[in-house]
Amino acid sequence: MEELNFPKYQFKGTFEGANPQIFDELRKKYLKLTPEEWVRQHWIRYLNIELGYSMQLMQVECELRVNNMRFRFDLLLNNSVGNPQVLCEFKAPNVKIDQKVFNQAAKYNLDLKVPYLVLSNGLQHFVAHCDFETKKVSFIKKLPSVMELN
């Protein structure tokens with residue numbers, strides 16, 4: 001798999017051959033190692049190890065309904081009382097993070113109303129802060145750590 005813009009992490013899995021797999025610590029099972037899954041697994045480690053987010057407060061690929069349509073978000077981080085705080089949308093490294101990707105995350109956020117959106121292809125990372133009182137979205141340099149949010 002392609003080297004991504006993250007610290008070096010160790011993963012369990014089979015990375016060679018016709019059917020590479022990676023062990024997902026959240027779902028406690030091996031998954032097909034797609035480029036998008038490679039990005040997601042790096043983000044899970046980064047959020048947990050570098051920013052202090054508990055894996056117990058992360059949700060992966062859960063269904064969401066927006067305007068009676070079904071969607072699946074890539075990763076959601078909740079606070080300690082279970083309120084959604086960060087919505088992450090991941091793409092494969094060869095997919096450009098553009099307005100279309102931002103619109104996808106923003107559409108999911110119509111229902112969730114999280115204060116932070118993370119958009120990443122593993123090489124480029126964008127973090128947006130959503131202020132629902134002023135109805136403004138601003139891009140910030142990095143996602144706050146758990147300690148910075150509390």
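Trainee: Where does Asn48 sit, and what makes it count as partly exposed?

Mentor: In this predicted model, Asn48 lies in helix H1. Its relative accessible area is 27%, and since buried means under 20% and exposed means over 50%, the value falls in between, so Asn48 is called partly exposed.

Trainee: Which residues does Asn48 touch once residues up to four places away in sequence are set aside, and how far is it from Ile97?

Mentor: Asn48 touches Tyr53, Ser54, Met55 and Met58 on that count, where a contact requires heavy atoms within 4.5 Å. Ile97 is 49 residues away along the chain, and the C-alpha atoms of Asn48 and Ile97 are separated by 23 Å.

Trainee: What makes Leu76 a buried residue, and which residues does it touch?

Mentor: Leu76, which is found in strand E7 (residues 75-78), has a relative accessible area of 3%, and because the limit for a buried residue is under 20%, Leu76 is classed as buried. Not counting residues up to four places away in sequence, Leu76 touches Leu57, Met58, Gln59, Pro84, Val86, Leu87, Leu112 and Val114. Leu76 and Val60 are 16 residues apart in sequence, while their C-alpha atoms are 6.5 Å apart in space.

Trainee: Are Cys88 and Cys130 buried or exposed?

Mentor: Cys88 has a relative accessible area of 0% and Cys130 has 8%; because buried means under 20%, Cys88 is buried, and Cys130 is buried as well.

Trainee: Turning to the whole chain, how do you know that the radius of gyration agrees with that of a compact globule?

Mentor: For 150 residues, a compact globule would have a radius of gyration near 15 Å, and the protein has 15 Å, so the two agree. Along its principal axes the C-alpha trace spans about 50 × 35 × 25 Å.

Trainee: How many helices and strands does the protein have, and what share of its residues is buried?

Mentor: There are three helices and 11 strands, which follow the pattern β-β-β-α-β-β-β-β-β-α-β-β-β-α along the sequence. Buried residues make up 44% of the 150 residues, and of the contacts between residues at least 6 apart in sequence, 45% join residues at least 24 apart.

Trainee: What is the accessible surface of the protein, and how far apart are the mean positions of its charges?

Mentor: The accessible surface comes to about 8900 Å², with 50% belonging to carbon and sulfur atoms, and the mean positions of the 20 positive and 17 negative charges are 4 Å apart.

Note on methods. Residues numbered from 1 in each chain as written. Predicted model: local features only at pLDDT ≥ 70, side-chain atom pairs only at ≥ 80, totals over all residues. Heavy atoms only, no water. Helix = DSSP H or I, 4+ residues; strand = E, 2+ residues; numbered from the N terminus. Rg over C-alpha atoms; globule rule 2.2 N^0.38 Å. Buried < 20%, exposed > 50% of the residue type's maximum accessible area, 1.4 Å probe, protein only. Areas by Shrake-Rupley, 256 points an atom, 1.4 Å probe, with all protein chains shown as cover. Lys, Arg positive; Asp, Glu negative; His and termini not counted. Charge placed at Lys NZ, Arg CZ, Asp CG, Glu CD.
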